[in-house]
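Trainee: I have a structure to go through before the group meeting. Could you take me through it step by step?

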Amino acid sequence: MNGQSPMGLAAAAAAAVRPCRRRLLSSATTAAAATATSTSLFPRCPHPHHQPHGRRLPFLASAASQASQSGQTIPPTPVPADPRSAVSGNLPFFDRVLFPDTFPLAPAAEEATTAAAADEEPASATKAREETETEREAWRLLRRAVVSYCGAPVGTVAAEDPECTETLNYDQVFIRDFVPSALAFLMRGETEIVRNFLLHTLQLQSWEKTVDCYSPGQGLMPASFKIRTVPLDDNKEAFEEVLDPDFGESAIGRVAPVDSGLWWIILLRAYCKITGDYALQERVDVQTGIKLILSLCLSDGFDMFPTLLVTDGSCMIDRRMGIHGHPLEIQALFYSALRCSREMLVMNDGSKNLLRAINNRLSALSFHIREYYWVDMKKINEIYRYKTEEYSHDATNKFNIYPEQIPSWLVDWIPEKGGYLIGNLQPAHMDFRFFSLGNLWAIASSLTTPKQAEGILSLIEEKWDDLIANMPLKICYPAMEDDEWRIITGSDPKNTPWSYHNGGSWPTLLWQFTLACIKMGRPELARRAVAVAEEKLAADKWPEYYDTRSGRFTGKQSRSYQTWTIAGFLTSKMLLENPELASILTCDEDLELLEGCACCLSKKRTRCSRRAANSHVG
């Protein structure tokens with residue numbers, strides 16, 4: 001890395017970035033001149049394997065190298081226009097991303113006309129059926145939520161509700177909220193907005209972040225950002241557009257968004273896989289960004305477990321809900337981000353130690369989650385008979401869990417077949433609630449064994465009326481009520497029982513459910529859930545969440561036209577139509593990880609992840 005530290009590289013990249021400046025004048029000629037002289041914020045880089053104006057596919061790179069040495073030439077190869085063919089063979093298909101010099105951008109008016117035409121008549125190459133009216137409306141609403149910076153699209157706002165006068169932070173671009181929007185655009189063949197989003201949020205990573213004179217780690221990604229237009233110096237006729245990020249210093253509870261960096265890595269891998277634009281992940285600034293995030297996550301601490309220790313409200317559940325500690329959602333995203341990073345990091349002397357640390361953490365994390373978070377009828381019965389206060393290396397009840405912690409609702413709720421990963425695990429504490437996002441993403445990333453993944457989907461099918469009912473999908477089950485709600489949430493008026501994070505139904509989780517079903521060969525379950533959602537979403541104005549035990553009422557404080565509700569529905573539909581595209585997000589089981597168990601290094605520890613975890617694989 002040219003002898004520079006990651007922090008030095010990040011600072012250099014930030015210093016090279018100039019704000020987007022535009023003079024808002026009455027003269028069209030002057031405005032056009034100002035635009036023409038503006039500096040590109042992120043100049044596009046051609047892939048190192050390609051000539052600037054060439055058309056050569058990645059799998060021909062090695063052949064091209066050999067041919068150049070021997071003096072031979074390889075004729076240009078046409079680039080496929082269908083995203084499905086690109087994913088199946090990892091081929092690029094968006095020439096304007098890889099070869100920008102040969103594909104100049106069209107004028108704004110022409111772009112608007114093209115976008116409108118795409119809404120009415122999507123290209124026949126990327127669809128196999130006629131879109132429904134609900135899908136067409138969803139696309140119109142998704143495009144309405146797009147925001148631009150320096151004239152280029154960079155994301156979608158959280159909600160675009162014309163009937164709501166109090167915007168709060170719903171007019172900002174959230175990293176976690178934009179993921180389903182990004183996937184919808186990628187599968188539609190519109191990649192520019194995703195590329196811009198990845199690079200601009202990367203630039204924000206290096207900004208100074210301070211809360212009450214204290215600064216968190218440099219690798220922290222913002223929860224969201226907003227585009228503001230501010231006067232340029234004292235000139236009333238000149239303005240500049242600036243990105244205003246929120247790292248948690250303005251959030252409710254002032255909690256840092258632990259999941260933002262993890263989602264960023266997952267989205268980066270998806271973008272590169274579907275476009276073939278692997279030059280993006282190889283850029284020095286992108287590699288540095290990945291390393292900064294991982295350095296923050298892999299830093300040494302006092303914890304005895306391989307799971308990430310976080311506070312309440314540090315993920316999608318961003319209010320006090322009793323998930324502080326080692327919540328499943330963070331662990332599943334952490335595992336997925338480690339798997340994605342291992343694929344994208346460039347192997348060199350500076351990354352060898354980091355890759356070794358990633359492999360060690362993956363091995364320990366997969367064993368820990370599979371062995372200690374998994375519950376089914378057999379495991380619960382085992383916990384019911386636990387002895388406590390055991391002091392030895394061979395203790396069965398390693399976390400000193402008291403059998404009285406088993407909630408009464410679980411005894412009758414757990415089915416004979418199937419199971420799930422619990423929400424949290426700490427000394428003397430197991431959170432037996434079912435958290436949908438963590439379980440679904442554990443399936444997608446292969447954090448679970450194949451047998452456990454099948455068990456989770458079996459449980460969802462068996463408990464359909466509890467977890468899906470009138471609207472997919474319960475964010476967690478069951479809700480906290482009475483004294484439990486008052487003590488754990490602090491009597492939060494928004495998280496009342498069966499509302500919002502406390503047992504509310506969130507349609508945006510539909511795309512993750514679809515992804516898990518496709519990965520496990522159960523698309524019929526996803527189609528059934530999509531059909532339930534399609535009946536109500538448009539009529540109910542695409543709400544953020546639904547209330548009541550069965551998800552029958554629109555949420556009492558739910559925003560209408562919530563962008564990730566819209567995008568989640570569209571992504572689910574496109575994944576079901578083109579299931580091969582699921583591979584941009586999923587990871588396959590890696591049995592080699594199970595061979596790296598740290599307990600192999602000690603003769604005192606006889607319990608080995610290689611044996612225990614392999615026993616679940618089937």
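Mentor: Let us begin with a term: axes are lines fitted to C-alpha atoms, for helices over the stretch in contact, and angles run from 0 to 180 degrees between N-to-C directions. Contact means heavy atoms within 4.5 Å. Helices (H or I, at least four residues) and strands (E, at least two) are DSSP runs, numbered from the N terminus.

Trainee: What kind of model is it, and how are residues numbered?

Mentor: This is a predicted model, in which local features need pLDDT of at least 70 and side-chain atom pairs count only at pLDDT 80 or more, while totals for chains, interfaces and linings use all residues. Residues are numbered from 1 along each chain as its sequence is written, and side-chain values use heavy atoms, with hydrogens and water left out.

Trainee: How many helices and strands are in the chain?

Mentor: The chain has 24 helices and 12 strands. Of its 618 residues, 54% are buried, where buried means under 20% relative accessible area, exposed over 50%, and partly exposed in between (1.4 Å probe, protein chains only).

Trainee: How many bridges join strand 8 to strand 9?

Mentor: Four bridges join strand 8 (residues 419-426) to strand 9 (residues 429-435); two strands count as paired if DSSP finds at least two bridges between them. Asn424 stands opposite Asp431 in strand 9.

Trainee: Changing topic, which residues have the most contacts inside the largest nonpolar core?

Mentor: Trp264, Tyr420, Trp441 and Phe513 do, in a core of 155 residues. Helix 10 (residues 258-275) supplies the largest share of that core, 11 residues. A nonpolar core is a set of buried Ala, Val, Leu, Ile, Met, Phe, Trp, Tyr and Cys residues joined through side-chain atoms within 4.5 Å.

Trainee: At what angle do helix 8 and helix 9 cross?

Mentor: The axes of helix 8 (residues 175-188) and helix 9 (residues 192-205) cross at roughly 150 degrees and come within 9 Å. The two helices are therefore roughly antiparallel, since angles under 35 degrees count as roughly parallel, over 145 as roughly antiparallel, 65 to 115 as roughly perpendicular and the rest as oblique. Residues that meet there include Phe178 and Phe185 in helix 8, and Val194 and Phe197 in helix 9.

Trainee: And the hairpins: which residue takes a positive phi between strand 2 and strand 3?

Mentor: Cys150 does, near 60 degrees, in a hairpin with two residues between the strands. Strand 3 (residues 152-156) has four of its five residues buried.

Trainee: How many bridges pair strand 5 with strand 6?

Mentor: Strand 5 (residues 224-232) and strand 6 (residues 235-246) pair over nine bridges in the antiparallel sense. Phe225 has Pro245 in strand 6 as its bridge partner, and Asp233 in the turn has a positive phi of about 55 degrees.
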